[in-house]
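Hi everyone, thanks for making time this morning. Let me put the model up on the screen, and then we can walk around it together.

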Amino acid sequence: MEEFDYIIIGAGSAGCVLANRLSANPKMKILLLEAGGKDTSPWIHIPGGYFKTMHNPKTDWCFKIEKDKGLNNREMNYPRGKTLGGSSSINGMLYIRGQSKDYDYWRQLGNVGWSWEDVLPYFKKSEDNQNGENEFHGVGGPIKVEKIRSTFKVLDLFLEASTEFGYKKTSDFNSGNNEGMGYFPFTVKNGFRCSASVGYLNPVKKRKNLKILTEAHIKNIEFKNNKATKVNYWKGNELFSVKVNKEIILSAGSIGSPHILQASGVGPGELLKKNNINITKDLPGVGKNLTDHLMLRPVYKIKNLETLNDIYYSYYKKILTGLKFFILRKGPLTVGASYLCGFIKSDPHLETPNLQFHVSPASTDYLGKSTLHNFPAFTPTIANIRPTSRGSIEIKSPDTRISPKIFMNYLSTDEDRAIAGKSLKIVRKIVMNSKAYKPYEPEELRPGINITDDETLADEAGKYANTIFHPVSTCRMGNDENAVVNNRLFAYGFKNLRIVDASVMPHITSGNTNAPTIMIAEKASDMIIEDSKS
């Protein structure tokens, strides 16, 4: 049986960071285990190809959530990356850190070392910002952050229309105050995706002390006397085991990490007993507190403005789009999930914005299930970035090759439903009542201009709403009885098991979650190196 100093489970956004930083010490022997394959698909690396990687079993776990009352009892697809780079290889490449208040709140909850002042250096360390270095941004880091390389007039008009109602423009969403409207920054390098695998793993994968194993599906972690001792994994149908000398670091994400813990006997005792799993440690918070951002997707038809719908149905325009990408590294294929971003308040009395726009020059019914509409339209998606609804991850078999149950419970609180109604009215006001859009005769296709009360709007929104793929907090950091890790990310009750991924967030950040996950792993790497010397 092979032995390693550190075994990292999951080569996603966090795992790639850890593999890079820990293997910098040639005396340490590192194993990185990934259930998916190598990130060789060209669709991973072409930003506009990300729809080809989601719902594709070669690159996506293809999870489904349980029927959700808030979504009109739908079983929604729930993409998570299953390849080197994890979800950073299939996500929308939107680089958003959240607000300084998010991290100061983490600190107020008792998590020493996680305030904005503490984490900002790690954001800067990870970043190679096209705009250069300043108080808030870094250069020379592994993740390239670039400006958008394509736009549409329908989006420029949304910016113009927003200013008519007092929403200001901003050129930087990542200085700690993200209020304002503007175009997203992207984790893109020279027109191609800059995933955690591209940025962190590719430069170091030939290090002699780093072993990377793909298609290694974790069975469980074994423990002895409160210490993690080995990892068991399948490669094909064959079972292998590896021993650890120092630490096992679980970086399988907000779905995978609690699932692996529960399969290893760490989690809510009653749930484990129900699944005939021997209890190693009754940790009730494992898999609880699942939080996500739900995107409400109103659709507006428009006249005399080009959208991606027009390109989709034109053979000539598709060829032109391909040529723009391959020759000039410009055009829609250089852009990921969305184009236009905005952070605003649903109520002027709020201290910081609680709503985020993801405005796309395209429209469809259900993401991943249908083609684009065959008429010009756009989708000014809006999301409540501080939801109060909570879900859970629950194992349903001791065999981890069987996906867990994912309960999201979207729009299950009165507050979330009220904010959903308010936010859709704000979008309606910007599009339907602005001078900017008036010449183009906008028409509200969804939810429908005649629906005006918040409760009915929330119901209608749920019929077409979709995840923005931001699951967090299922192995939450904290000091209370439902916390799973402490502020150095050690799992409670164990001497050498850390969890390092989005699952440890004490509270969801106010925006996209990939940049914060990379930051967490950068900070964790320093902690692990510090602790190895003590």
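There are 3 cavities of 30 Å³ or more in this structure. A quick word on terms: on a 1 Å grid over the protein atoms alone, a cavity is a set of points where a 1.4 Å probe fits but cannot get out, while a pocket is an open set with protein on both sides within 12 Å along at least five of seven lines; a lining residue has an atom within 4 Å of a point. Grid points are joined across faces, edges and corners, and the volume is the space filled by probe spheres set on those points.

Before going on, please keep in mind that this is a predicted model, where local features need pLDDT of at least 70 and side-chain atom pairs count only at pLDDT 80 or more, although totals for chains, interfaces and linings use all residues. Residues are numbered from 1 along each chain as its sequence is written, and side-chain values use heavy atoms, with hydrogens and water left out.

So, the largest cavity holds about 150 Å³ of space. It has 13 lining residues, and the closest to its centre are D292, L294, P387, Y410 and D416. Two elements, β16 (294-296) and α12 (414-432), each supply at least two residues of that lining. Helices and strands here are DSSP runs, H or I of at least four residues for helices and E of at least two for strands, numbered from the N terminus. By class, the lining of the largest cavity has 8 nonpolar, 3 polar and 2 charged residues. For those classes, Ala, Val, Leu, Ile, Met, Phe, Trp, Tyr, Cys and Pro count as nonpolar, Asp, Glu, Lys and Arg as charged, and the others, Gly among them, as polar.

What lines the second largest cavity? That one has about 60 Å³ of space, and around it sit R297, P298, L424, R446, P447, E460, A461, Y464 and A465. Helix α13 gives the most to this lining, with 3 residues.

By salt bridge I mean a side-chain nitrogen of Lys or Arg within 4 Å of a carboxyl oxygen of Asp or Glu. K463 and E460 are about one helical turn apart, because they are 3 residues apart in helix α13 (residues 454-464). K463 has a relative accessible area of 29%, so it counts as partly exposed. The scale is under 20% for buried, over 50% for exposed and partly exposed in between, with a 1.4 Å probe and protein chains only.

How many salt bridges does the structure hold? The total is 24. One of them joins E127 and R97, at 2.7 Å from N to O. E127 lies in strand β5 (residues 127-129) and R97 in the loop between β4 (77-78) and α4 (100-108), so this pair ties together parts that are 30 residues apart in sequence. Are the two partners buried or exposed? E127 is buried at 1% relative accessibility, and R97 is buried at 0%.

Another salt bridge links R476 and D480, at 2.9 Å. There, R476 is buried at 15%, whereas D480 is partly exposed at 37%. There is also a network of salt bridges that links E247, R488, R498, E530 and D531.

Let's go back to helix α12, where we find S423. This serine is buried, at 2% relative accessibility. Leaving aside neighbours within four places in sequence, S423 is in contact (heavy atoms within 4.5 Å) with L296, L355 and I382.

Next is D347, in the loop between β18 (340-344) and β19 (355-360). D347 is partly exposed, at 26%. A polar atom of the D347 side chain lies 2.8 Å from the backbone nitrogen of H349. D347 and K422 are 75 residues apart along the chain, with 8.8 Å between their C-alpha atoms.

Last stop: the second largest pocket, with about 330 Å³ of space. Among its 20 lining residues, the closest to the centre are N131, K147, S171, D172 and P185. This lining has 7 nonpolar, 10 polar and 3 charged residues.

Notes
Polar contact = N/O pair within 3.5 Å; in protein donor to acceptor, adjacent residues only side chain to side chain. Contact = heavy atoms within 4.5 Å.
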